[in-house]
Structures are given as C-alpha cells and as structure tokens.
Amino acid sequence: MQTAHEIDYRIYGEEMQYVDVELDPGETAMAESGAFMMMDDGIQMQTIFGDGSQQQGGGFMNKLFSAGKRLLTGESLFMTAFTNTGQGKKRVAFASPYPGKIIALDLYELGGKVVCQKDAFLCAARGVSIGIEFQRRLGTGLFGGEGFIMQKLEGDGMAFVHAGGHVFQRVLQAGETLRIDTGCLVAYTKDVAYDIQFVGGIRNTIFGGEGLFFATLRGPGKVWIQTLPVSRLASRILAYGTVNRKEEGSLLGGLGNLLDGDGR
C-alpha cells in the first residue's frame, strides 16, 4: 500500500514546461520555493520546514533536521504545501525555472529511491522525502564538482524534477558503464554505481576544454541526462554580456554592434 498521496498530473509545453497536478480532497503536493504558478480556489498554501515527510510527528528537532539537509543542497529551509481543502478535484500548477523539460518520476515503479542533481527537484506528492546524498568515494568528494552533494528522493509517490535543454533516458544493463560530464547528469536510480574518473592524456588535460574528470555510471539501472546544464547556460550568458563581441561574418565588424543596439 502506498504511503504517499496519490496525485494525478499532466505536463504542458515544450521548452518552458509546467506540470498541472490534480488533487482530490485532502491530498497535498509539496513544491520547491518559487515553483508555484497557479491554483484553483479551494487549495490552501502552507509554508513548512523541510519536505513535509516529518510533519505528522517526530517533533520540532526532526523537522529542523529535515530542513537542514535541504540547506546543504543549496535549497531553501522551507517548502510550500498545497492542500485541497475544498469539495471535488482541484488543480495546482508548477512551472520550470529555465528552458528544458520536466521529468515525472514514479518512485513506486523506480524502486523507492532516485538520486538527482541538487537543483533539479521541482515538486512531489506529500510523503516523498527529499534528502541529501553524499558521494562517499574519495575521488568523487575531491573532484566531483556538481555531483558531490546530490538530492535523494525517497518514497512511493510521484516526484517531478527539471533539467535543461533536451532530456533523455538511458537504461544501463548490469555491468554496463556510461561516462558523462558531471553537469549533464540529472538523475539515476538507486542501483546505479556513481564514481569520478580522470580524463587522462596531457593534451586532453591542457587543451580539451571539457574539464579533467568524467562521472562514471555503472548499471544496472536508469539514468536521465540533460543537454544544457544551467551552469553552462549561465556561464555563456555571463561571457556574452561582459566581453566585447566580434561580428562573425559581418563586413561592418564592430560598427555592427552599435547599429544592432547592443552598444558593444
């Protein structure tokens, strides 16, 4: 028997998606701070410590500990609970924070646990626990970068994560290994082994431009991959805004920057 609230949902959009969650009377969805978009009359909002999985008992210290775990992953101490307190079905919607895709994860079907990047979580059914997953291997801790401290989603309900660009899934067979940029990894199921591997080769190290380390994932299990990590998008935008541009392919050169209104 499932312990998390059983919610229905539908995902809308292409590049800037939102998930529309349908709540029966008494059902609750938990959302990350800033994810809310709209809701029907009859849904009550409540700001709580942590992820709500400790709200039914355990005392203040357990709730504070739950919230503190989220703080380590760079998230807010608080989450927002959206509960249908009215009659009949009600809907609440949560929007993606940047261009990409929303991934629906049925934790009941995925073995009860999924590990994801620390900024990927969007919302979930009440009863899903959102904690931290430390990568315990020495190499991962020293060189893992974006993959050292991750989030773990545990329970038997629905959870939704967001990733940048195009998102796709790989199914790894037992012993099958996939090497991936740490920023492109979105999530993986609990049986996948995660480690960090040195790229190797002096030319690769000095001139490769892709970083010194791979994330290595070994099956069996499922892996979700994104083509555009938000850190990569942010660095390109920052570089574009702070460096004088050259008009590639333009006979006007720098004059073209003045004429197009950018002033650079």
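Here are some questions and answers about the aromatic pairs and strands of this predicted model.

Reader: How are the rings of F36 and F82 arranged: stacked or edge-to-face?
Author: Let's start with the count: the structure holds five aromatic pairs. In one of them, the ring centres of F36 and F82 are 5.3 Å apart, and the planes sit at 15 degrees. Planes under 30 degrees apart count as stacked, so this pair is stacked.

Reader: How many residues apart are F36 and F82?
Author: F36 belongs to strand 4 (residues 36-39), while F82 belongs to strand 6 (residues 78-84). The pair links distant parts of the chain, and the separation is 46 residues.

Reader: What kind of pair do F82 and F94 make?
Author: Their ring centres are 5.2 Å apart, with the planes at 70 degrees. Over 60 degrees counts as edge-to-face. F94 lies in strand 7 (residues 90-95) and F82 in strand 6, so this pair ties together parts twelve residues apart in sequence. F94 is buried too, at 0% relative accessible area, and its pair with F82 is edge-to-face.

Reader: Which strands are at the edges of the open sheet of six strands?
Author: The sheet has the order 5-6-3-10-13-8, with antiparallel pairing, and its twist averages 20 degrees from one strand to the next.

Reader: In strand 13, which residue is the bridge partner of I102?
Author: Strand 8 and strand 13 (residues 158-164) run antiparallel, joined by seven bridges. Go across from I102 to strand 13 and the partner is H162.

Reader: Which residues make up the covered face of strand 15?
Author: In a regular strand, side chains alternate between the two faces of the sheet. Strand 15 (residues 177-180) pairs antiparallel with strand 18 (residues 213-218) over four bridges, and R179 has T216 as its bridge partner there. The uncovered face of strand 15 has T177 and R179, and the covered one has L178 and I180.

Methods
Residues numbered from 1 in each chain as written. Predicted model: local features only at pLDDT ≥ 70, side-chain atom pairs only at ≥ 80, totals over all residues. Heavy atoms only, no water. Phe/Tyr/Trp six-rings, centres within 6.5 Å; stacked < 30°, edge-to-face > 60°. Helix = DSSP H or I, 4+ residues; strand = E, 2+ residues; numbered from the N terminus. Buried < 20%, exposed > 50% of the residue type's maximum accessible area, 1.4 Å probe, protein only. Pairing = 2+ DSSP bridges. Axes fitted to C-alpha atoms, helices over the stretch in contact; angles between N-to-C directions.
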